[in-house]
Amino acid sequence: MTETGQRTPSRDVHGALVDAAERVLVRDGLAGLTVRAVAGEAGVAPMGVYNRFGSKDGLVAAVLVRGFDALAAGIGGDDGDPPEERLVGCGRRYRRFALGHPQHYEAMFGTAVSPAARAAATTAELAEHAGAAFGVLVTEVSRAMDAGVLRRDDPAETAQVVWSAVHGAVTLELAGVVQVGDPEATYERLLGTVVAGLS
């Protein structure tokens, strides 16, 4: 309720609960992201979470949507940069997002999230938000192709190749199994190799 006694708008309640879920995720990890924990964090009864999201899976799905939105916002390039720098910068910012938000990254791409949780958000909604994040990379690839930095090909196919490379490197780093002393330098080499191989 607001100070005037009016009911809090539904979208605000939804957003506040997702905010609480993100705080629990960061603090306790995906295993700690329960309806009871989120309800306690938000200061509401557990039934309030169930009424809003239907289940824990629905709550996790809302966090996935929020994560993809943050990823899309975080990896975009600066309009003043040349196409190659924009593309390489996109890769750098992808790693920065993953290392800065490891719990979100695991929830978005790891195997710990149940298929039911992924399906709890309407397929169209989750696909739209995940697709928008991938679309940022597709746009950067298209710019690089237009500028002659990358050879002309299907932008989405090329973007998938780039994503597979950077995602693999970041996942290994997050798992703590990188076999070199300077993962950042190795990642930079990977970015250069990918661009050179696709040029």
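This is a predicted model: local features need pLDDT of at least 70, side-chain atom pairs count only at pLDDT 80 or more; totals for chains, interfaces and linings use all residues.

Guide: The structure holds one cavity of 30 Å³ or more. Around the largest cavity you will find Leu87, Val88 and Gly91, together with Val162, Leu191, Val194 and Val195. Sorted by class, this lining has six nonpolar residues and one polar residue, with no charged ones. Two helices, H5 (83-100) and H10 (183-198), each supply at least two of the lining residues.

Let us now follow H5 to another neighbour, helix H6, which covers residues 102-109. The axes of H5 and H6 come within 5 Å and cross at roughly 105°. An angle from 65 to 115 degrees counts as roughly perpendicular, so that is how H5 and H6 stand to each other. On the H5 side of their contact are Tyr94, Phe97, Ala98, Leu99 and Gly100, and these meet Pro102, Tyr105, Met108 and Phe109 of H6. By class, the residues of this contact are eight nonpolar and one polar, again with none charged.

The structure holds five aromatic pairs, and one of them joins Phe109 to Trp163 in an edge-to-face arrangement, with 5.9 Å from centre to centre and 65° between the planes. This pair links distant parts of the chain: Phe109 belongs to H6 and Trp163 to helix H9 (residues 155-174), and the two are 54 residues apart.

Methods. Residues are numbered from 1 along each chain as its sequence is written. Side-chain values use heavy atoms; hydrogens and water are left out. On a 1 Å grid over the protein atoms alone, a cavity is a set of points where a 1.4 Å probe fits but cannot get out, and a pocket is an open set with protein on both sides within 12 Å along at least five of seven lines; lining residues have an atom within 4 Å of a point. Grid points are joined across faces, edges and corners, and a volume is the space filled by probe spheres set on the points. Helices (H or I, at least four residues) and strands (E, at least two) are DSSP runs, numbered from the N terminus. Ala, Val, Leu, Ile, Met, Phe, Trp, Tyr, Cys and Pro count as nonpolar, Asp, Glu, Lys and Arg as charged, and the others, Gly among them, as polar. Axes are lines fitted to C-alpha atoms, for helices over the stretch in contact, and angles run from 0 to 180 degrees between N-to-C directions. Angles under 35 degrees count as roughly parallel, over 145 as roughly antiparallel, 65 to 115 as roughly perpendicular and the rest as oblique. Contact means heavy atoms within 4.5 Å. Rings of Phe, Tyr and Trp (its six-membered ring) pair if their centres lie within 6.5 Å; planes under 30 degrees apart count as stacked, over 60 as edge-to-face and the rest as tilted.
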